[in-house]
Amino acid sequence: MDAKVRAGSYADHAASSYDLARAALREGRGADAADLARYTVQEALEAYELFTAWCREIPDFLAARGVPAAVIAADAARLASLWAGADGSAFDGDAGWVRYRGLIEDYAAGAEAARGDPALLEQARTVWRDTHDRLCDGVYFWVDAAARHLGEDSVGELWDVLMQPMYDYYIRYDTDVHPWARSFDLLMHYALEGLRGHLSGPGRTGAVEVVEEADRWALRFDPCGSGGRTLRDDPDSGAGPRIGPPWNLGVTTRPHDWSWNKAGICLYCVHCCQLNERMPMRRFGYPTRVVEPPVWPEARDGGKCTWYVYKDPALVPEEVYRRVGAVKPGRLGGKAQRDGG
């Protein structure tokens, strides 16, 4: 199988787009600063759209499985209270997104006119971080609600339902459809773009550590800007881990195939196991990305989450399959799995 990847270093794509925009402005490259600022919107778009949709869809999932409307309404009221600002103002994710985009456009227009204001870019990042984090907390809240009302075992099914549209477009990563070199490149670039959009890494600027190893590339982030940050103190808001009060959200209490057979995995984080490992193993015979997640309570003190993308899917060790209740097949590719592996 072709294990070569496109020329160029993926480490070149690890830097924060905000930092690159600031550097471009300092160097007098106003057009570049504007383009980079606008690119942060593209990086953030998937997170905004998915989080907004999931906060609507999970209550529907609960209702379809018999959770009474009054119970769901009580949960929604509690979430609204948790979401509220320090002054009691209601949270509006759509308004936050509009404000973020407006600030980015103001910065970009100024940069193009040689009067760029770095403070506007930082204000935009702060608005997006606040909007992103509260929406992500909302998703985590509703997943936890599913575990409370339907049992912890329901979480794997929930994520399968939520991510079905994403599962369908993963066909692009089937080696029977495209050469692995192309899929590998897409997996790396989409991962890096998404991790920057979630504002991963120190200072929540979107910087990611990228390291090439002999058989794979490693993407590390401390913290992950979505699930990982919920397991530690938040220096921006002053809040503690979402596992503690006032949120009191759950982690897996026992091993499940969809949680890498580990207890202590954030109920939001487990979607990476379903999306990157279990689903593509079933469909194509190999994981698209292999994840080493943070685990509670150790994660409260920090630590990096790591994603691995193998240069050849045949190189993925058997242990990666075993830990999610799967068996490495003799043949890879979608057709082989449909024919029984």
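Start at the second largest pocket, where α5 (118-150) gives the largest share of the lining, five residues. Helices here are DSSP runs of H or I with at least four residues, strands are runs of E with at least two, and both are numbered from the N terminus. This is a predicted model, in which local features need pLDDT of at least 70, side-chain atom pairs count only at pLDDT 80 or more, and totals for chains, interfaces and linings use all residues. Residues are numbered from 1 along each chain as its sequence is written, and side-chain values use heavy atoms, with hydrogens and water left out.

**The second largest pocket**

The second largest pocket has a volume of about 350 Å³. Select Arg134, Asp137, Ser237, Ala239 and Arg242: of the 19 lining residues, these are the closest to its centre. By class, the lining of the second largest pocket divides into eight nonpolar, three polar and eight charged residues. Ala, Val, Leu, Ile, Met, Phe, Trp, Tyr, Cys and Pro count as nonpolar; Asp, Glu, Lys and Arg as charged; the others, Gly among them, as polar.

Pockets and cavities come from a 1 Å grid over the protein atoms alone. A pocket is an open set of points with protein on both sides within 12 Å along at least five of seven lines; a cavity is a set where a 1.4 Å probe fits but cannot get out; lining residues have an atom within 4 Å of a point. Points are joined across faces, edges and corners, and a volume is the space filled by probe spheres set on them.

**The largest pocket**

Next, select Glu46, Met166, Tyr190, Gly194 and His198. Among the 37 residues that line the largest pocket, they lie nearest its centre. The volume of this pocket is about 730 Å³. Now colour by element: α2, α7 (164-169), α8 (180-197), α9 (271-284) and β4 (305-310) each supply at least two lining residues. The largest share, nine residues, comes from α2. The lining of the largest pocket has 24 nonpolar, seven polar and six charged residues.

Ile58 counts as buried because its relative accessibility is 0%. Buried means under 20% relative accessible area, exposed over 50%, and partly exposed in between (1.4 Å probe, protein chains only). Show its contacts, meaning heavy atoms within 4.5 Å. Beyond four places in sequence, Ile58 is in contact with Val139, Trp142, Val143, Leu158 and Leu162.

Then go to Ser17, in helix α1 (residues 17-26). Ser17 is buried, with a relative accessible area of 4%. Leaving out residues up to four places away in sequence, Ser17 touches Leu36, Tyr39, Thr40, Glu43 and Arg196.

**Cysteines**

Display the sulfur atoms. A disulfide is taken as a pair of cysteine sulfur atoms within 2.5 Å. By this rule the count is zero. Cys136 is in no disulfide, and its nearest cysteine sulfur, that of Cys266, is 7.6 Å away. Move on to Cys266: its closest cysteine sulfur, in Cys269, is 3.5 Å away, too far for a bond. Cys136 is buried at 1% relative accessibility, and Cys266 is buried with a relative accessible area of 1%.

**The cavity**

There is one cavity of 30 Å³ or more. The volume of the largest cavity is about 40 Å³. Select its lining: Phe221, Cys224, Gly228, Arg232, Pro294, Ala299, Gly303 and Cys305. By class, that is five nonpolar, two polar and one charged.

**Backbone stops**

Zoom in on the bond joining Pro245 and Pro246: this peptide is cis, with omega about 5 degrees. Pro246 sits in the loop between β2 (216-221) and α9. A cis peptide bond also joins Trp296 and Pro297, with omega about 10 degrees. Pro297 is in the loop between β3 (290-292) and β4.

Arg204 has a positive phi of about 55 degrees although it is not a glycine. Look for Arg204 in the loop between α8 and β1 (209-212); this residue is buried, with a relative accessible area of 6%. Asn261, also not a glycine, has a positive phi of about 55 degrees. Asn261 lies in the loop between β2 and α9 and is partly exposed, at 32% relative accessible area.

**Last stop: confidence**

Colour by pLDDT, the predictor's confidence in each residue, from 0 to 100. The chain averages 95, and 98% of the residues score at least 70. Finish on residues 1-8, where pLDDT stays under 50 and the model has 13 contacts beyond four places in sequence.
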